[in-house]
Amino acid sequence: MEVDNTGGPPNRELYALLHLSPDASDEEIKKAYRQWAQVYHPDKYQDPHMKETATENFQRIREAYEVLSDENKRQIYDIYGMEGLNSGLELGPRLRRAEEIKEELERLRRMKEQEKSLAHFRPSGTILANLSLPQFLGGDGIMTGMAMASQVQSQLSKNNALAISGNLQVEGSAGGGAASAVFKHNISSVSSIEFIASAGLRGLIGIQTTRHISSYSTATMAIVKSLHDGSINLSNTWTRQLSDTASGNIQLLVGPQSSIAVGWQKKDQKNSAAGELKIGTSSFMASAQYTRQLSSKSHGRIAGKFGSTALEVELGAGRKVSEFSTIRMLYTIGIQGIFWKFELRRGGQKLIIPILLSRQLTPMLVTGAFVVPASFYLLLKKFVLKPYLLRREKQKSLENMERTSTQVQQKMAKAEKAQQLLQLVANRKRSKQVEADGVVIMRALYGSSKALKKVDELREINEELASQIWDVTLPLNFYVNDSGQLKLHGGVKKSGIMGFYDPCPGEHNQLLVEYTYHGEKYKVMVDDYEELVIPQESHRIWN
């Protein structure tokens with residue numbers, strides 16, 4: 001049995017071999033083993049080659065059953081995979097029951113998490129450099145101001161945390177700074193209290209308490225006193241979860257600058273949006289922003305502000321350049337002028353560089369400031385960045401194929417042998433479904449998602465694509481049950497299913513299935529760990 005070293009979810013190959021869900025009961029495991037034992041039992045075959053193939057696959061089925069039917073082994077396999085079993089993982093001679101193993105593993109996990117949290121400091125920081133092109137052209141230097149802020153958070157214990165921060169700011173010939181500390185104590189699982197102190201430009205002391213009123217609502221109250229003028233601010237904030245992806249909040253502030261604010265936020269897999277309306281005794285402000293995930297690595301953003309002290313619109317886009325780094329460029333036009341803003345984010349650190357292009361809002365400057373960088377980026381992306389990234393990706397893919405070629409060839413040979421044993425029954429089931437006008441798998445391909453998309457577009461498989469995908473039409477016809485349904489369980493890597501193998505280890509795989517049902521054509525593509533149930537009306541191809 002192989003171990004999944006891709007860093008993704010556990011492949012749970014043993015469950016895939018027996019065509020089981022990871023939540024299968026003991027009775028379901030026994031039933032599946034009996035069914036597969038009938039298919040692969042060596043005594044069923046007379047041909048020496050087929051008998052050898054059946055013996056090899058029967059051994060795989062028996063090994064899977066031995067692990068999953070043993071409570072202790074199954075517990076270890078579910079958490080550590082085959083690596084845990086093959087390494088002879090021992091949790092002490094006193095642990096004999098599955099419940100004891102589970103409790104011990106939970107205890108070890110909690111200890112690890114506690115040690116990690118106690119030793120873990122979470123630093124974050126921001127550097128802001130304000131540049132001005134008109135000032136530079138006037139001979140006064142390009143930098144108009146700079147600001148730096150840094151914060152370190154530490155989990156002192158299970159219920160106590162400390163955050164220390166500081167900032168420095170320079171604008172022209174004036175500047176200043178401040179240092180602050182926040183101590184947080186969890187009173188219970190639903191409430192906490194924070195003590196706040198700050199010295200410098202805005203010296204203050206305060207206290208804030210938060211309580212989860214229900215599973216959907218949270219209330220926060222705070223009182224803060226300024227050490228400069230002695231003024232006191234009181235604030236109340238109520239937050240409500242409106243849906244799985246949206247929340248809203250209301251904040252009431254009473255003090256020298258009293259105000260009321262209403263906000264809303266929504267975030268799902270591809271979209272993020274937020275808006276706020278704030279009305280004060282001497283000002284008002286309305287703001288909104290929307291971010292759209294354009295791909296797995298890039299996003300677009302539009303934002304705007306309108307109020308008594310601001311009027312601006314912001315457009316921009318960003319791209320993830322590595323696992324922890326993101327760059328973004330924004331174009332801003334408002335009453336303060338025309339700006340370009342460059343941002344680099346890495347982990348908890350941010351570098352922000354706003355560049356003032358002009359205080360004049362002439363049509364030529366407004367259009368040129370947007371069109372020129374956008375055109376430059378599109379040209380750079382098309383002729384430099386995209387070709388380079390494609391070459392690098394192709395090179396990595398080739399290196400990975402060379403490194404895993406022997407292992408892949410061995411797995412392909414196993415999949416071919418498994419399909420040979422399934423062929424007779426699969427053909428019989430397919431003929432039965434054809435007669436009943438039921439589910440007939442016409443084509444099923446498994447492998448690299450990029451290769452599958454090309455195959456779907458070209459409607460043919462060339463030599464390059466053939467090495468990245470595997471035809472699984474036969475095993476899927478085998479898995480169609482007598483009721484005319486096919487189900488592949490979620491949470492299980494599909495490469496472990498009998499007759500399947502992974503042609504591109506380490507890459508994102510998908511399964512493409514084209515089938516007919518009651519004379520109509522259907523098509524579906526699912527991710528590697530996604531559940532598949534056929535037939536579904538949503539899969540239907542409408543001409």
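Start with Tyr515 and Tyr522: both are buried (under 20% relative accessible area with a 1.4 Å probe, protein chains only; exposed is over 50%, partly exposed in between). Keep in mind that this is a predicted model, where local features need pLDDT of at least 70, side-chain atom pairs count only at pLDDT 80 or more, and totals for chains, interfaces and linings use all residues. Residues are numbered from 1 along each chain as its sequence is written, and side-chain values use heavy atoms, leaving out hydrogens and water.

Now for the ring pairs. Rings of Phe, Tyr and Trp (its six-membered ring) pair if their centres lie within 6.5 Å; planes under 30 degrees apart count as stacked, over 60 as edge-to-face and the rest as tilted. That rule gives 12 aromatic pairs. Take Tyr33 and Tyr65: their ring centres are 4.2 Å apart and the planes sit at 10°, so this pair is stacked. Because Tyr33 belongs to helix α2 (residues 26-40) and Tyr65 to helix α3 (residues 48-68), the pair ties together parts 32 residues apart in sequence. Helices here are DSSP runs (H or I, at least four residues), numbered from the N terminus. Tyr33 is buried, at 17% relative accessible area. Back at Tyr515 and Tyr522, the centres are 5.0 Å apart with planes at 10°, so those rings are stacked. Elsewhere, ring pairs join Trp36, Tyr40, Phe478 and Tyr479 into a cluster.

Finally, look at Arg392 in helix α7 (residues 363-435). Its 36% relative accessibility is why Arg392 counts as partly exposed.

Terms used. Helices (H or I, at least four residues) and strands (E, at least two) are DSSP runs, numbered from the N terminus.
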